Amino acid sequence: MRRRPSLRSFRRELTGPRPGLAFYIVPPALGDTDEIVAELTAGRRPRLCLIGRLCGPLPYGQDVVPENALHRGALWVAPGLLMFDPRGDAEMSVLEAPYGVDAREPMLTEAGRPVLTLDLGDGVLVFEPAPDTDLEHAWSRVRAVLEDTGPRASA
């Protein structure tokens, strides 16, 4: 029986504007998405899911986000963690951000739509929410969950 490689082997430390940033690109052949998410979240349940398109990291100074680089899927947000689970056979992207992440001025897609632009220190990660979701509102919701360090209030 072969063991799956550790997710730590896919971890890349980032020298971003906030400490503790790390980025993973997890190949689809690594295994079951649910198991991967469970291992990465270590008990932190995702509290927000946004449907949209993601790509990155892209280099600083790139003026426009190429349409063919954006992958459709779901952006899952847990305290200190962003996970992008694409549809199809694309790679899963995970951003570990225990102290949050900084947003930059929104980049534009080739079609002229603004996208959420996150500063990774050595490039940017961009997310375009579904057309029925306001960009500012999406960022507000993502940041609230990402930076929530308190205990979950019971309803």
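# Briefing: fold, pocket and cavity of a predicted chain

Among contacts in the protein chain between residues at least 6 apart in sequence, 60% join residues at least 24 apart (contact means heavy atoms within 4.5 Å). This is a predicted model: local features need pLDDT of at least 70, side-chain atom pairs count only at pLDDT 80 or more, and totals for chains, interfaces and linings use all residues. Residues are numbered from 1 along each chain as its sequence is written, and side-chain values use heavy atoms, with hydrogens and water left out.

**Overall fold**

- The protein chain holds 2 helices and 11 strands (DSSP runs numbered from the N terminus: helices are H or I with at least four residues, strands E with at least two).
- From the N terminus on, the order of elements is β-β-α-β-β-β-β-β-β-β-β-β-α.
- The radius of gyration is 15 Å, close to the 15 Å that the globule rule gives for 155 residues, so the protein chain is as compact as a globular protein of that length. The radius is taken over C-alpha atoms, and the rule is 2.2 Å times the number of residues to the power 0.38.
- Along the principal axes, the C-alpha atoms fill a box of roughly 50 × 40 × 30 Å.

**Surface and burial**

- Of the 155 residues, 41% count as buried (buried is under 20% relative accessible area, exposed over 50%, partly exposed in between, with a 1.4 Å probe and protein chains only).
- The protein chain exposes about 8700 Å², and carbon and sulfur atoms supply 50% of that area (Shrake-Rupley method, 1.4 Å probe; for residues, only the protein chains shown count as cover).
- Glu-35 sits in helix α1, residues 33-41. Its relative accessibility is 49%, so Glu-35 counts as partly exposed.

**Largest pocket**

- The largest pocket has a volume of about 260 Å³. A pocket is an open set of points on a 1 Å grid over the protein atoms alone, with protein on both sides within 12 Å along at least five of seven lines; lining residues have an atom within 4 Å of a point. Points are joined across faces, edges and corners, and a volume is the space filled by probe spheres set on them.
- There are 13 lining residues, and the closest to the pocket centre are Arg-113, Glu-128, Pro-129, Ala-130 and Pro-131.
- β3 (48-58) and β11 (124-129) each supply at least two lining residues. The largest share, 3 residues, comes from β3.
- By class, the pocket lining has 6 nonpolar, 2 polar and 5 charged residues. Nonpolar covers Ala, Val, Leu, Ile, Met, Phe, Trp, Tyr, Cys and Pro; charged covers Asp, Glu, Lys and Arg; the others, Gly among them, are polar.

- The largest cavity holds about 30 Å³ of space.
- Its lining has 9 nonpolar, 1 polar and no charged residues.
- Ser-93 is one of the lining residues, as are Phe-23, Leu-54 and Leu-125.
- Ser-93 lies in strand β7, residues 92-96, and is buried at 10% relative accessible area.
- Beyond four places away in sequence, Ser-93 touches Phe-23, Tyr-24, Leu-54, Leu-82, Met-83 and Phe-84.

- Most peptide bonds are trans.
- The bond from Gly-56 to Pro-57 is cis, with omega near 0°. Pro-57 lies in strand β3.

Technical notes:
On a 1 Å grid over the protein atoms alone, a cavity is a set of points where a 1.4 Å probe fits but cannot get out, and a pocket is an open set with protein on both sides within 12 Å along at least five of seven lines; lining residues have an atom within 4 Å of a point.
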